[in-house]
Amino acid sequence: MTESTTAGFWRRLLAHALDCIVGVCAWLLCSMWLVIGLWALDNPPSDLLDVALILLAVQGLALALHIAYHVVLVGGCGQTLGKMALGVTVVRCDGGEPGYGRAALRCLGGLLSLASFGLGYAGVVFTRERRGLADWLAGTRVVESSPEPIAAMQVTPRAPSLLGA
């Protein structure tokens, strides 16, 4: 294992902002289709209870999309789209891939950090390891990605053909 450099605060914050933009766009698109589908099955909402149920369904959809986005991407490849764009990766503390279980714990830690009005993110700002509550709970850390070296391609000359292809 090679020693990885811990990702800085600003890179993580910008990656989080990009993830928020992706999430909000996906949520708006899915919510639009959910509301259109509900209204197509029934008449438009007629009372306050119908509106409250639709709002509850839209919020449930937001939570489900958030969990699926983070667990599938971090668990599968260690990066969300924002982290890919900024060149940071989530790894286990020993440097291995986090896996889906740790990604789910990390997502739960992120939700707990949000529920505590951001106090769970204090470790990202104030500690040297830049690990927040989500990282401590899942046993992960966020490091700078090092691109894999591209092997030099061996080009073998081909004999000219009559067709020029």
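The lining of the largest pocket is made up of 24 nonpolar, 8 polar and 5 charged residues (Ala, Val, Leu, Ile, Met, Phe, Trp, Tyr, Cys and Pro count as nonpolar, Asp, Glu, Lys and Arg as charged, and the others, Gly among them, as polar). The model is predicted: local features need pLDDT of at least 70 and side-chain atom pairs pLDDT 80 or more, while totals for chains, interfaces and linings use all residues. Residues are numbered from 1 along each chain as its sequence is written, and side-chain values use heavy atoms, without hydrogens and water.

The largest pocket holds about 950 Å³ of space. Among its 37 lining residues, those closest to the centre are His-16, Cys-20, His-66, His-70 and Tyr-121. On a 1 Å grid over the protein atoms alone, a pocket is an open set of points where a 1.4 Å probe fits, with protein on both sides within 12 Å along at least five of seven lines, and lining residues have an atom within 4 Å of a point. Volume is the space filled by probe spheres set on the points, which are joined across faces, edges and corners.

Helix H1 (9–41) contributes the most to this lining, with 12 residues; helices here are DSSP runs (H or I, at least four residues) numbered from the N terminus. The 33 residues of H1 should span 48 Å at 1.5 Å a residue, and the 47 Å between its end C-alpha atoms agrees (the expected span is 1.5 Å times one less than the number of residues).

Within H1, Arg-12, Ala-15, Asp-19, Ser-31 and Val-35 are buried (under 20% relative accessible area; exposed is over 50%, partly exposed in between, with a 1.4 Å probe and protein chains only). Cys-20 is partly exposed because its relative accessibility is 38%.

Terms used:
Helices (H or I, at least four residues) and strands (E, at least two) are DSSP runs, numbered from the N terminus.
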